[in-house]
Amino acid sequence: MNITDIITKYARIYPDNPVIIELKPVTGGRKEISWAQLYDRTNRLANCLVKKGVSKGDKVFLLGQNSLNWLEIYFAILKTGAWVTPLNFRFTDDDIRFCARTSEP
């Protein structure tokens with residue numbers, strides 16, 4: 001069983017239970033999604049990625065700040081069978097170029 005299988009399993013068993021809660025202390029914001037929502041969103045994103053040409057074994061860069069959306073995209077990439085290459089949002093253009101040369105996304 002891999003991590004995307006866990007999303008499928010828990011979406012079936014605990015569809016309405018929260019799986020991710022994102023807190024924004026500065027603004028006091030709170031956002032949460034359930035297992036069923038995570039399952040649905042990651043499937044829709046994965047289907048979009050496949051339509052754009054992402055396939056099993058591909059390496060996909062993921063550049064962004066930590067957030068609920070980042071996790072959704074991360075899991076969606078995995079659902080396509082592709083590899084995720086997470087990048088630090090503080091990377092410079094040169095850092096990103098170096099990563100592109102070495103990881104061949």
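At what angle do the axes of helix 1 and helix 3 cross, and within what distance do they come? In this predicted model, the axes of helix 1 (residues 3-13) and helix 3 (residues 68-79) cross at roughly 110° and come within 9 Å. Since angles of 65 to 115 degrees count as roughly perpendicular, helix 1 is therefore roughly perpendicular to helix 3. On the helix 1 side, the contact is made by Ile3, Thr4 and Ile7, and on the helix 3 side by Phe75, Leu78 and Lys79. Sorted by class, the residues of this contact between helix 1 and helix 3 are 4 nonpolar, 1 polar and 1 charged.

The protein chain contains 4 helices and 4 strands. Read from the N terminus, these elements follow the order α-β-β-α-β-α-β-α. Along the principal axes, the C-alpha atoms of the protein chain fill a box of roughly 40 × 35 × 25 Å.

How confident is the predictor? The mean pLDDT of the protein chain is 91, and 100% of the residues score at least 70. Among the elements, helix 2 (residues 35-51) has the highest mean pLDDT, 97, while helix 4 (residues 93-103) has the lowest, 85.

Two further helix pairs can be described in the manner of the opening one. Two packed helices are described by the angle between their axes and the distance between the axes. For helix 1 and helix 2, the angle is about 135° and the axes are 8 Å apart. These two helices are therefore oblique to each other, and helix 1 passes helix 2 in a left-handed crossing. Here Ile6, Ile7, Thr8, Tyr10 and Ala11 of helix 1 meet Trp35, Ala36, Leu38, Tyr39 and Thr42 of helix 2. The residues of this contact between helix 1 and helix 2 comprise 8 nonpolar and 2 polar, with no charged ones.

Helix 2 also packs with helix 3. Their axes come within 8 Å and cross at roughly 60°, so helix 2 and helix 3 are likewise oblique to each other. The crossing of helix 2 with helix 3 is right-handed. From helix 2, the residues involved are Leu38, Tyr39, Arg41, Thr42, Asn43, Leu45, Ala46 and Leu49; they meet Leu68, Glu72, Ile73, Phe75, Ala76, Ile77 and Lys79 of helix 3. By class, this contact of helix 2 with helix 3 has 10 nonpolar, 2 polar and 3 charged residues.

Which way do strand 1 and strand 2 run, parallel or antiparallel? Strand 1 (residues 18-24) and strand 2 (residues 29-34) run antiparallel and are joined by 6 bridges. Pro18 has Ser34 of strand 2 as its bridge partner, and Glu22 has Lys31 of strand 2. The two strands form a hairpin with 4 residues between them. In the turn of this hairpin, Gly28 has a positive phi of about 80°.

Methods: Residues are numbered from 1 along each chain as its sequence is written. This is a predicted model: local features need pLDDT of at least 70, side-chain atom pairs count only at pLDDT 80 or more; totals for chains, interfaces and linings use all residues. Side-chain values use heavy atoms; hydrogens and water are left out. Axes are lines fitted to C-alpha atoms, for helices over the stretch in contact, and angles run from 0 to 180 degrees between N-to-C directions. Angles under 35 degrees count as roughly parallel, over 145 as roughly antiparallel, 65 to 115 as roughly perpendicular and the rest as oblique. Contact means heavy atoms within 4.5 Å. Ala, Val, Leu, Ile, Met, Phe, Trp, Tyr, Cys and Pro count as nonpolar, Asp, Glu, Lys and Arg as charged, and the others, Gly among them, as polar. Two strands pair if DSSP finds at least two bridges between them. pLDDT is the predictor's confidence in each residue, from 0 to 100. A crossing is left-handed if the near helix is turned anticlockwise from the far one by less than a right angle, and right-handed if clockwise.
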